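Please examine the sequence and the structure before reading each solution.

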Amino acid sequence: MKIAKLSGNAEIFHTIQGEGKSSGLPCIFLRLSLCNLHCTWCDTDYTWNWEGTPFSHVNDTQPGYKKFSKEEQILEAGIEYLLEEISKFNCPNLVVTGGEPLMQQKDLAVLLQALREEKIIEHIEIETNGTLMPIADLDLQVDQYNVSPKLTNSGNPDKLRIRPEILDWFARSPKANFKFVCAAPKDLYEIEELIRSFGIPSNKVILMPLGTSIDSLDEREKWLTEICKNKGFRFSDRMHIRLFGNKRGV
Ligand SMILES: Nc1nc2[nH]cc(C(=O)O)c2c(=O)[nH]1
Ligand code: SF4
Ligand SMILES: [Mg+2]
C-alpha cells in the first residue's frame, strides 16, 4: 500500500482523536498517501501535491514551499509490515486517514480484516472526503465513516468534490457522520443545501473550523459555536492543534 512516509517509516502514530464524533478517544492513526481532490488549504498536501501537477495551494506564496516528490513522500508497505507496526501500540482503536483512504480500499479491506482477525484492533474509523463508494469488503470492516464533503472554500471543481450518488449512500449509512470544514459564516448556506439535497439527518452533522493555528481556530470558533447553537448541529474543535501543535505524527 502507499503510505505517507515520515522519517523513513510509515506515518502511524498513537494519539487522541482531535476531530469529529470521536474527539478525545485514544486512537492509532494510519495515514495513507494519495488523494483525488486538491483542497487549497489541505494540511496533508504531502499526500498529493506532487511535482509537475498544476494544483494551487495556500502555501504557494510561503518562502521555501515547493511541491512534493512522490518518491520521497510515499512508503510502499506490505500488509505484514503494517500489522507489525500497528500492533506495537497497545490500543484497540484505529483511524485510517490520508489523503483519501478509499483510493486504496481493496488493499485496505485486506489489512483491516487481518487487524480484526489477529485481534490487534476492535474499532475502526475512516476519514473520507465522500467522493468514492466503499466496496462491500471494506464496509464490512468499518465501524464509523467520518465523511467530510468539501465545500467551495476548498477550491476544488464542483463536479469533483460533490458526487451525488456517493453522498446519497453515505447519508443512508448508519455508520456515517458528516464533518464540514467551515472557513466563513456564509459556508452555512452551502452546508444547509447539501443537508437538504441528500437528506442528511441533522444529528449526523458536525461543524468544524478551518485552521492550523490556535489563533485561527479561536477566531472562527466565535461565530461557529453560535451557528451550532442556533441550528442544533454538533461543534468540533481541532483539539490536536491545541494539544500538540500543527505537526506531523500527532
Ligand atoms: N490527533 C489527530 N486527530 C485527527 N483527526 C483527524 C485527523 C486527520 O488528519 O485526518 C487527525 C490528526 O492528524 N491528528
Ligand atoms: S480531501 Fe482531504 S486530503 Fe484530500 S486535498 Fe482535501 S483536505 Fe487534503
Ligand atoms: Mg490532519
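**Exercise 1.** How do the residues of the shell around ligand 2 divide into nonpolar, polar and charged?

*Solution.* The model is predicted: local features need pLDDT of at least 70, side-chain atom pairs count only at pLDDT 80 or more, and totals for chains, interfaces and linings use all residues. Residues are numbered from 1 along each chain as its sequence is written, while chains are lettered from A and ligands numbered from 1 in the order in which they are written. A residue is near a molecule if its C-beta atom, placed from the backbone, lies within 6 Å of it. Ala, Val, Leu, Ile, Met, Phe, Trp, Tyr, Cys and Pro count as nonpolar, Asp, Glu, Lys and Arg as charged, and the others, Gly among them, as polar. The shell of ligand 2 then holds five nonpolar, six polar and two charged residues. Of these 13 residues, Cys35, Leu37, Cys39, Cys42 and Asn129 come nearest.

**Exercise 2.** State how the shell around ligand 1 divides.

*Solution.* Among the residues around ligand 1 are Thr15, Phe29, Glu127 and His240. The shell comprises three nonpolar, five polar and two charged residues.

**Exercise 3.** Is leucine 34 buried or exposed?

*Solution.* Leucine 34 has a positive phi of about 85°, although it is not a glycine. Its C-beta atom has 20 others within 10 Å, so leucine 34 is buried (20 or more such atoms; exposed means 12 or fewer, partly exposed in between; C-beta atoms are placed from the backbone).

**Exercise 4.** Is lysine 119 buried or exposed?

*Solution.* Phi of lysine 119 is also positive, near 55°. With 9 other C-beta atoms within 10 Å, lysine 119 is exposed.
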